[in-house]
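Subject: Structure for your review

Dear colleague,

Please find the structure below, followed by an account of what was found in it.

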Amino acid sequence: MTTQLSPTEPTAHVIVDPPRRRGSSLRSSRSRFIAALVAPAILFMLIVHLLPTVGGFYLSFKNLNLFTFRQLFDAPWIGLGNYEAILFQDNPLRTGFMGAVQNTAVYVFWTVSATIGGGLAIALLMNRDMRGIKVIRTLMLTPWIVPSFVVAVLWQYMWQSDIGIVNKLLVDYSGLLDERPVWLIGPNSLWAIIIPSIWRGLPFAMLIFLAGLQAMPKELHEAAAIDGAGPFKRFRYITLPLLRPLIAVQLLFGVIYATYQFAIPYVMFGSNPGPHADLMMTLIVRQSFSNNLFGFGSAVSVLLMMAMFVWVAIWYRAFKRDLEVA
Amino acid sequence: MSRRRAVNLGLDALTWLVLAVMLAPIFWLVISAFQDDLELATGAYDLLSPTFDAFTGMWQTIDFERFFVNSLVICTVAALLATAFASSAGYALARFKFRGSRTFGLTVIGTQLIPGSMFLLPLFIGFIWINQNVGIPLYDTHLGMIIVYTAFFTPVAIFFMRSFFLAIPRDLEEAAMVDGCTPFKAFVKIVLPNAAPGLLATFVYAFLFAWDELLFVANLTQDTAETIPIGIRTFIGNYQQRTAQLMAAGVVSTLPVLIAFFATQRWLVKGLTAGAVKG
């Protein structure tokens, strides 16, 4: 039974047109069946994602704060006031916002590039034949299974300046550094969340690339090798182009999920990670739920979502070709 | 040839080294959980005489059982519902071209683009409103969190299930329908049993991600429906610094997902990489 289930071989005829010869009653029973199939998913997405998103958009035009919170959706309308305060006025909120934008950009850049680059490198390494490779591949996935909140508490302990294992390795055992770096406060605190995020993301990227490598026809590499292409040339001109669609998808979702990272900084630092490690989501949640600036929070969320739409548009232009191939 | 052998041996060693580096933090978590607070505070680990104190103490220091049971109940039910809804919607996408199927597919992907903070507050307000006007309590209840998580993990699960259904030959259903089965009967009796590994993989996927969720449970619960991500932070606070118990709690809350993953990884990996190998 399971032999037929390999998703690697999708059936050719996926789409079935409604039988034209038969009567309309059959056709309406068919569409009723389809409607019933998709109805629960649509209902839940409507209730949890779509309607509240419209509500969030609406709230971003409201002056919703501690004093007006009881009025909820009836809070005073201030039009683009929240957006003006975020983008153009000189105030502490704007400073905090700009800081979080910068931190998030740095966080996303390093997390995504290191996850994809490192994941690809590890996948190439794991694509070799050696004794125990199946077990190694499976064990490699473990960091990805460790929940984010466990990752955060574990690394917070490992980053401790005096007793943490990281500084012990860097200073006491190896002597690489003379002074103990402070990881959890100050400029290093952004790295204190970037590095665990990469660690947790690497296995998944490896898994995807490994699957791509193994689905690759061997003949291409063999033919190129006969023609005298070395391993680097074969990687550059055969492997990499064939992996482009996978890199594209990893890039798309990697950027989105990294931008929306919340659990690791929140569990590691609490609701205020400080100016060096504050990300977009921690900023929005803190300003909304700790400081009751819900209008501000909604407006930042809208800007964030628009930024993601821009990213998807850029991504689509860049990788359009690869999507048609895939 | 001997140079090639040396390179191969070097790469073998590098493979083991990479694995060791990746597993090192997990190793550190586990051995830290078997020490006591004094050993952790001074860094003087005694690996030869492990203690189980942290594993017994963690249930007393805070009511960890409540968080653990809440996580189990909410994630299991939500993952079951998400799998059910995703399998029916995924089947529709895999087998039929219908009006709006493209829009539906795009909407499903589109939900992944919305930042959680965008709909968190309106959802909170909606929960309050429903309680006041309909009388169904959703804030700080299992039901509320189950609804939220079901919706969260249905979209990706739909594409998961779709790829599993695409791999099942159509002839099976067609033969059943020729024999007089209704499409619904063919789906339930023929297709679903054949997609059992896919269903299992989808369930584990949804469970894994629900187990990890923090943003919504942090703001939509207060007490009765709080899950592990909320509870685990209370080991370290203003009045206590129980690092060993924190590490033990980390081990205990990783175990369920670890077991679920390794028990089903054969199928789960197929689902996760389905998109990767179809090109």
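Two residues count as being in contact if their C-beta atoms, placed from the backbone, lie within 7 Å. In chain A, 67% of the contacts with a separation of 6 or more are between residues 24 or more positions apart.

This is a predicted model, in which local features need pLDDT of at least 70 and side-chain atom pairs count only at pLDDT 80 or more, while totals for chains, interfaces and linings use all residues. Residues are numbered from 1 along each chain as its sequence is written, and chains are lettered from A and ligands numbered from 1 in the order in which they are written.

Chain A has 13 helices and zero strands; helices (H or I, at least four residues) and strands (E, at least two) are DSSP runs, numbered from the N terminus. Of the 326 residues in chain A, 38% are buried (20 or more other C-beta atoms within 10 Å of the residue's own, all placed from the backbone).

The contact between the chains takes 90 residues from chain A and 87 residues from chain B. On the side of chain A, helix α1 (residues 24-59) gives the most, with 17 residues.

Within chain B, helix α4 (residues 64-95) packs against helix α10 (residues 196-212) at an angle of about 135 degrees, with their axes 8 Å apart. Axes are lines fitted to C-alpha atoms over the stretch in contact, and angles run from 0 to 180 degrees between N-to-C directions.

Yours sincerely

Definitions and conventions
A residue is buried if 20 or more other C-beta atoms lie within 10 Å of its own, exposed if 12 or fewer, and partly exposed in between; C-beta atoms are placed from the backbone.
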